[in-house]
Number of protein chains: 2
Amino acid sequence: MAVYVVGHKSPDTDSVCSAIAYAELKRKLGTEAIPARQGELNPETKFVLEKFGFSEPELLTDGAGKKVILVDHSEVGQTLDNIDQAEILEIIDHHKIGDITTPNPIFFLNMPVGSTATVVKKLYEENGVEIPKNIAGILLASVLSDTVILKSATTTDTDVKAAEELAKIAGVDDMQELGMEMFKQKSDLAGKEPRELLFRDFKDFNMSGNKVGIGQIEVVSLSLLDEFKDPLYEEMKKVKEEGDYHSIFLMLTDIIQEGTELLSVTDDVSVVEKAFGKKLEGKSVWLPGVMSRKKQVVPFFEKAFA
Amino acid sequence: MAVYVVGHKSPDTDSVCSAIAYAELKRKLGTEAIPARQGELNPETKFVLEKFGFSEPELLTDGAGKKVILVDHSEVGQTLDNIDQAEILEIIDHHKIGDITTPNPIFFLNMPVGSTATVVKKLYEENGVEIPKNIAGILLASVLSDTVILKSATTTDTDVKAAEELAKIAGVDDMQELGMEMFKQKSDLAGKEPRELLFRDFKDFNMSGNKVGIGQIEVVSLSLLDEFKDPLYEEMKKVKEEGDYHSIFLMLTDIIQEGTELLSVTDDVSVVEKAFGKKLEGKSVWLPGVMSRKKQVVPFFEKAFA
């Protein structure tokens, strides 16, 4: 029975490419592994797959009866439907430790680094398997995507070293150029529906019993989002009702200015002040220097909700 | 601020010795790390520490305000009190993935191997740190203890290889002899109170919302337990009432005969049949070949309770 390697809902580049790269490693080690995705790919990820010659992994949203390896997440809210009816064989991640549990001992490696791709690269090395050139390309793209071209607060020395080595294997001379090409894809918002933009990179969290959704849109300039802010806010209100959320937050992140405007729809505005020491001004608050959801936003909300 | 490295409640040899060995590794890597234990040491562990020249680690039961590294567990029910007020820096384990979550990304390595000591040995190697002779001794003892001298169903090739290499470093010529010496300590039950025996190796689990306690006593012959069975059963009933448990199970494991008599006090006797396909005969059921709580008992109860 084949094993599916799958990242989180609202798949991003790291989630998709780490699944492809880790499935390839497992195949080389003798396991019949198939990469999968839980949803539509964003324009950046499509660009990366095309650039390095990969097709889209197959869609998998229901875990019932499947053997799975989870990459880039360990939260029930972000994983396959009916995960309790799946057999989880491994988890490879770089986030906070989530609420997925298993009935059996499994291999679980979580490292506090900038991308799951960094962890996957390490696992190629540990297993003595050479990283193919095109796999190095998508792993490099994943590191650059998740670390905002090695600028995000989550970036570690391990990520920088991994990126340099992967660039060499992939034959990428200018990482910065590749990164900017990728972020331009992300920043191309023309004609996009608010719901599509909101869910492009959106994660559910269980924070002390409260359902909290946190999305992020990264652009090269916030001004690109001017016309989208009001429609996005209205969409957040709708999604909050439909999904019975306590709060929906949307990070509008300017990767050049290096900061985030946090749009907030919440049952309790005080959580924003508790988390960041700043009050909402209207619908949002500006958080200078904040670019990472997992390191600069989630932990502070976790404390505010505790 | 010092970091405490601590194993589970009702500490066993692997839990205590892995904490000592991993704290030593962290110190060599520049972290002020202190090994700790959550309770009284069992006779086997005392024997092992004395044999290889270690004193008892300090007692730590409350995590409030502490920085901690957890070894040999990832279950809230098995960890420090007030763990929500501690900062968890790392988790090193070899069990099923438990319900401990963190607000931040951390290093979490769980391997499906026979002992946490096997994982700790690997981390010495990964970090390029030589394993000191006496540390190799307690790591070897941990492997032998957790795998019932490499006979338990949890034993992997990795454990066997680790044990052989550790024996060489520690200067232990005969692993079998060391293992039997250890298990004789465990089997010396004369004058022991039923409550002490029950809690010597006892773990709490949250199984689909039900509080379940599972203890284990390993002896070289079940006949050593004849006079203790009735008092142990009465004690289990008391503990079930006091602790508001759904079920208390006690594995009486014969390491020579290779099987377990499972004493059961439960609100629902059908879970035993669901788990093992055999009905209770009076207070217990005989499970041939069953020696490992984590691999041969916990997963089956998890499914029965699901």
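**Salt bridges and a sheet**

Author: In helix α1 (residues 13–28) of chain A, A:Glu24 and A:Lys28 are four residues apart and so are separated by about one helical turn. The model is predicted.

Reader: How far apart are the closest N and O atoms of A:Glu24 and A:Lys28?

Author: Side chains of opposite charge can pair when their charged atoms come close. Here the closest N and O atoms are 3.4 Å apart, and A:Glu24 forms a salt bridge with A:Lys28. A:Lys28 is partly exposed, at 44% relative accessible area.

Reader: Which parts of the chain does the pair A:Asp201 and A:Arg293 link?

Author: These two side chains form a salt bridge at 2.6 Å, N to O. The pair links distant parts of the chain, 92 residues apart: A:Asp201 is in the loop between α7 (194–199) and β7 (202–207) of chain A, A:Arg293 in helix α10 (residues 293–296) of chain A. Both A:Asp201 and A:Arg293 are buried.

Reader: Now the sheet in chain B. What is the order of its five strands?

Author: Strands of a sheet pair through backbone hydrogen bonds, either parallel or antiparallel. In chain B the order is β7-β8-β9-β10-β11, in an open sheet with mixed pairing. β7 (202–207) and β11 (284–288) of chain B are at the edges with a single partner strand each, so one side of each has no neighbour in the sheet. On average, neighbouring strands are turned by 25° against each other, direction ignored.

Reader: How many bridges join β9 to β10 in chain B?

Author: Eight bridges join β9 (residues 247–254) to β10 (residues 259–266) of chain B, and the two strands run antiparallel. B:Ser247, for instance, has B:Thr266 as its bridge partner in β10(B).

How values were computed
Residues are numbered from 1 along each chain as its sequence is written. Chains are lettered from A and ligands numbered from 1 in the order in which they are written. This is a predicted model: local features need pLDDT of at least 70, side-chain atom pairs count only at pLDDT 80 or more; totals for chains, interfaces and linings use all residues. Side-chain values use heavy atoms; hydrogens and water are left out. Two strands pair if DSSP finds at least two bridges between them. Axes are lines fitted to C-alpha atoms, for helices over the stretch in contact, and angles run from 0 to 180 degrees between N-to-C directions. A salt bridge is a side-chain nitrogen of Lys or Arg within 4 Å of a carboxyl oxygen of Asp or Glu. Buried means under 20% relative accessible area, exposed over 50%, partly exposed in between (1.4 Å probe, protein chains only).
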